[in-house]
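Good morning, and thank you for coming. I would ask you to look at the structure on the screen while I speak.

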Amino acid sequence: MSFERPYEGVKVVDLSQGIAGPYCAMLLAQHGADVVKVEPLQGDWARVLGTPISDHTEFSFIGSLGKRSLAIDLKSAEAPAIIDALVADADIFLEGFRPGVIDRLGFGHERLMAMNPGLIYASISGFGQNGPLRDKPAMDPVLQAFTGFMLDNAGNDAVPHRSNTIVVDMATALFGFQAVAPALHAKRDAPGGGGRYLDVSLMRAAANLSGIRIMMASHRDLQSAGAPPSGIHRTAEGWLQLGIVKDVDFHTVCDLLGMEDLKADDRLLGLEGRREHAELLWQRFSPIFLTKSAVYWRDMFTDAGLQNEILQEFHQFLEHPQVAATELFSYLELAGLEKPWAIANPPGIPKIEADTPTGTSPVTGQHTDEVLGQLGYDGVAIADLRERGVVTTWSG
Amino acid sequence: MSFERPYEGIKVLDMSQGIAGPYCAMLLAQHGAEVVKVEPLQGDWARGLGASNGNHTDYSFIANFGKRSLAIDLKSDEARGIIDALVAEADVFFEGFRPGVIDRLGYGHERLMALNPGLIYVSISGFGQVGPLRGKPAMDPVLQAFTGYMLDNKGEDGIPHRTHTVINDMSTALYAFQAVTPALYGKRDGAKGRYLDISLMRGAANLSVIRVMTASQEGELQRNLRTTPSGIFKTAEGWLQLVTLQDKDFLALCDILGRDDWKADESLRGNEGRRAQADMLLDGVAEALLSKPAAQWREIFTGAGLQNEMLQSFNEFLAHPQVRETELFSYIPLAGLEQPMPMPNPPGIPKIEPDTSFGVSPVTGQHSDEVLVQLGHDADFIADLRQRGVITTWTG
């Protein structure tokens, strides 16, 4: 047991594909768990989602970091023995098929948990394991639409749109982790047992992610929220985000911009008052911001203690000294990439280092031989499995 | 140790305010930990963030479920003895002041971890504990602007805007959880405490890591056209989100829209081919979808196996049968509200029930007396503290 990676010794079998399940298992791997990624012979479908580079995309690369890949045809006659052997001493099992599919494949939670009563079995689905929509296929954008997130994410032109960051997939991975980690903690008090079945859905995660907005929506008109003149302002060069909540901040900004009349206007005291006169505030503030650059305003407002920020592009963010000072990113090379990929280091995990097991993302079947070898298969048996198309081994 | 709530017996002292820290500690409470929320006499500032219902806002309500509140003036002479006594037996400590402030208050990690070497000490900040921006105040929108998220979250009009769901606060809470829980796991094997530096910037960078990876190759990101034609389309009534992932989806779409010309066009096979003619495809789909309401399109597309969803409002989402059947929300009464508040149930946690300790979100100082009694203080002492303004006790 290393205290740097507390999950050393924990074994995970990860049959999930895409991002939500794999990213959760990736975090377990970063905390030291031995994660075997079990993927189809043609690879996890995340390997073709986006821009393929070598056998990877951004999705598959980040979702597989620190795992070992076993590429196997789950419908072959030989697969059950191999998977069962992996499950027998696993602590955690993840699957992300549509509800019902994993049972037909023969790896449903009832059978596997009977075989290994200590197994924490997590199913990741779009809409959950029951209910009228259980069979509906769903990726991140579907749940952004379904849960109200997308309509709430409308632009100034009132046209709703999706968040390009896959907030629902990522939230599902993280809420999945928060379900698995305490289960793992409890399992240690039940030698030989302590397994549990976890039904984790994108819908549930999306609901929790937007819990505050949903609470608000259930009681009031969301349009009336906001804190004018807070918001995103176009400037002479770039965009500026400004947050004004308290009266003292409002008066500061009035002083800075020479708006004595607004400062003296009692109708504009308090958040409610400013909300009522939002249009007036935007009319007065917007033209002023257009006269100077975002950098100019940021420096002025920051000196005055107001919450504000320039809108940066991702690549500007990557180049910021604060990012370097906090060692926020590791840079990992991949054959076929011109520049290394910027990988964000999650908190509480040793910095991801290139050319270490936790800093390597496997290609499809990269560890097939190694994993089968550990299960007791010899070279001849593995070659036979390969020849009959049951497994593939990466040789590139 | 209960298997339903594995963190029973774990003690948490939560001095953080707002959402990121408190929401993380709330999840620990839901998993059974005993969480004492230490807040100023006037309450956590989240209690004044947005529309209030008595002593609560949507923010403070959700982030404090299952905790007990001790309202105390940290600058008073008596605070030191009380906080130290709580720290002495705590497993996890949260603080969310600006870097440096907690040291001046006398509760820096060096002193507290010397007092209790097993303490997992979590600092939640905007930009991290080091670097040129460490002292900069930051809430969720600042980090949406800083990290590139906002510029990536443009509407069709090209104007960037903020996502109202506090994605950075929420992801920071969840990444903190994934840092704390393995540390708790290691502690059982004798690991000493650890200091965890959690920032909203780090949470945001990890949440958007896939977009950042893409940006690290391409610089400024263009409109997201990974799969085309996919997107949000206006219909005769409402909005529809549609995903065309593979060739078979595209061909099915051609059949539905009667576009034999697209179907016959070999250059439109494969996502790369379609990406090259994205504008033409998107315009064509947009025009076609104006002819029927979203509900009708949804039936047609779903019948053809295409991923799609109608954009629902949060309230439509709440009313959906899938939400009911999966018991996605608990409804918790709150003084001052006619209807109970919908509280999303996170995965892996027993359903939140009103009128249990897990289904109550405390008002400021609701448990001041109780916590002090547990520390061995008698009623006279507590009354004296109250009289001298060191603590407040909620009296209803």
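This is a predicted model: local features need pLDDT of at least 70, side-chain atom pairs count only at pLDDT 80 or more; totals for chains, interfaces and linings use all residues.

Let me begin with the charged pairs. Over all chains, the structure holds 46 salt bridges. One of them joins the side chains of A:Lys67 and A:Asp14, with an N to O distance of 2.8 Å. This pair links distant parts of chain A, 53 residues apart: A:Lys67 is in the loop between α2 (58–64) and β3 (68–72), while A:Asp14 belongs to strand β1 (residues 11–14). Is this pair buried or exposed? With a relative accessible area of 3%, A:Lys67 is buried. A:Asp14 is buried as well, at 0% relative accessibility. Both values fall under the 20% cut-off for a buried residue.

A second salt bridge is formed by A:Arg134 and A:Asp135, at 3.7 Å from N to O. Here A:Arg134 counts as partly exposed at 28% relative accessibility, and A:Asp135 is partly exposed at 44%.

In chain B, the closest N and O atoms of B:Glu89 and B:Lys11 are 3.4 Å apart, and the two residues form a salt bridge. B:Glu89 is partly exposed at 44% relative accessibility, and B:Lys11 is partly exposed at 27%.

There is also a network of salt bridges, which links A:Lys136 with B:Arg298, B:Glu299 and B:Glu309.

In soluble globular proteins, nonpolar side chains tend to be buried together. In this model the largest nonpolar core has 150 residues, and A:Phe329 and B:Phe94 have the most contacts inside it. Helix α8 (residues 167–187) of chain A supplies the largest share of this core, 13 residues. Leaving aside residues up to four places away in sequence, A:Phe329 touches residues of chain A, including A:Phe317, A:Leu318 and A:Ile343, and also B:Ala205 and B:Val212. Another core, of 28 residues, lies apart from the largest one, and among its members are B:Leu86, B:Leu105, B:Leu119 and B:Ile391.

Next, helix α14 (residues 278–289) of chain A. Its 12 residues should span 16 Å at 1.5 Å a residue, and the end C-alpha atoms are 16 Å apart, which agrees. Which residues of α14(A) are buried? They are A:Leu281, A:Phe285 and A:Phe289. These three cover an arc of only 45 degrees around the axis, and therefore lie on the same side of α14(A). An α-helix has 3.6 residues a turn, so residues three or four places apart point the same way. On the other side of α14(A), A:Glu279 and A:Gln283 are exposed. The buried residues of α14(A) pack against several elements of chain A, including β7 (231–234), α11 (247–257) and α15 (294–303).

Finally, the sheet. Chain A has an open sheet of seven strands with mixed pairing, in the order β6-β5-β4-β1-β2-β3-β12. At its edges stand β6 (196–201) and β12 (391–392) of chain A; each has a single partner strand, so one side of each is left without a neighbour in the sheet. Within the sheet, strand β4 (residues 92–95) and strand β5 (residues 120–125) of chain A pair in the parallel sense over four bridges. A:Glu95 has A:Ser123 in β5(A) as its bridge partner.

Thank you for your attention.

Notes
Residues are numbered from 1 along each chain as its sequence is written. Chains are lettered from A and ligands numbered from 1 in the order in which they are written. Side-chain values use heavy atoms; hydrogens and water are left out. A salt bridge is a side-chain nitrogen of Lys or Arg within 4 Å of a carboxyl oxygen of Asp or Glu. Helices (H or I, at least four residues) and strands (E, at least two) are DSSP runs, numbered from the N terminus. Buried means under 20% relative accessible area, exposed over 50%, partly exposed in between (1.4 Å probe, protein chains only). A nonpolar core is a set of buried Ala, Val, Leu, Ile, Met, Phe, Trp, Tyr and Cys residues joined through side-chain atoms within 4.5 Å. Contact means heavy atoms within 4.5 Å. The expected span of a helix is 1.5 Å times one less than its number of residues. The arc is that of the directions from the helix axis to the C-beta atoms. Two strands pair if DSSP finds at least two bridges between them.
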